[in-house]
Amino acid sequence: MTLRDFQDLIEAQYGRKDTRRGIERTFLWFVEEVGELAEAIRRGTKAEREEEFADVLAWLSTMASMSGIDLETAARAKYGRGCPRCRATPCRCAEPPSADRRRGGGKRPKRA
Ligand SMILES: [Mg+2]
Ligand SMILES: [Zn+2]
């Protein structure tokens, strides 16, 4: 299954309900699922981590559909030719400062 197949599948399964709920409330569900993933990474079994990764991808996919975004196209356009900043694979950019050193200081670095 490609990412596009998956997005189509999730849209067919949940698109109608998700559209009725609206993207802002759907985003709250997504954030809740990210919290479940955090917990599974910290202390879950492999089966639990698999389930939570799948949930987060499903909610991300549904929001992409609601926004008229094809996730596969967007991901390929940004990351398909190496790191968006240095163009290398693996990335050769300098490691950003750690969270501790950032605290009270500079802005959180984002992916180019
Ligand atoms: Mg979940
Ligand atoms: Zn890079």
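## Gln13 and the model

Gln13 is found in helix α1. Helices here are DSSP runs of H or I with at least four residues, strands are runs of E with at least two, and both are numbered from the N terminus. The model is predicted: local features need pLDDT of at least 70, side-chain atom pairs count only at pLDDT 80 or more, and totals for chains, interfaces and linings use all residues. Residues are numbered from 1 along each chain as its sequence is written, while chains are lettered from A and ligands numbered from 1 in the order in which they are written.

Is Gln13 buried or exposed? Gln13 counts as exposed because it has 12 C-beta neighbours inside 10 Å. The cut-offs are these: buried takes 20 or more other C-beta atoms within 10 Å of the residue's own, exposed takes 12 or fewer, and partly exposed lies in between, with C-beta atoms placed from the backbone. Thr62 is 49 residues away in sequence, yet the C-alpha to C-alpha distance is 9.8 Å.

Helix α1 covers residues 3–21, 19 residues in total. The expected span is 1.5 Å times one less than the number of residues. A kink of about 70 degrees is centred on Tyr14 in α1. The bend at a residue is the angle between axes fitted to the seven residues ending there and the seven starting there.

Gly22 follows α1, with a positive phi near 90 degrees. Helix α2 has 21 residues, 23–43. From first C-alpha to last, α2 reaches 30 Å, close to the expected 30 Å. α2 is hardly covered: two of its 21 residues are buried.

## The loop between α4 and α5

Which residues does the loop between α4 (71–79) and α5 (99–102) hold? Pro90 is one of them. The peptide bond from Thr89 to Pro90 is cis, with omega near 0 degrees.

Arg87 is also in the loop between α4 and α5. Phi of Arg87 is positive, near 70 degrees, in a residue other than glycine. Arg87 counts as exposed because it has 11 C-beta neighbours inside 10 Å.

## The whole protein

The protein has five helices and zero strands. From the N terminus on, the order is α-α-α-α-α. Buried residues make up 9% of the 112 residues.

Contacts need C-beta atoms, placed from the backbone, within 7 Å. Among contacts between residues at least 6 apart in sequence, 56% join residues at least 24 apart.

Terms used
Contact = placed C-beta atoms within 7 Å.
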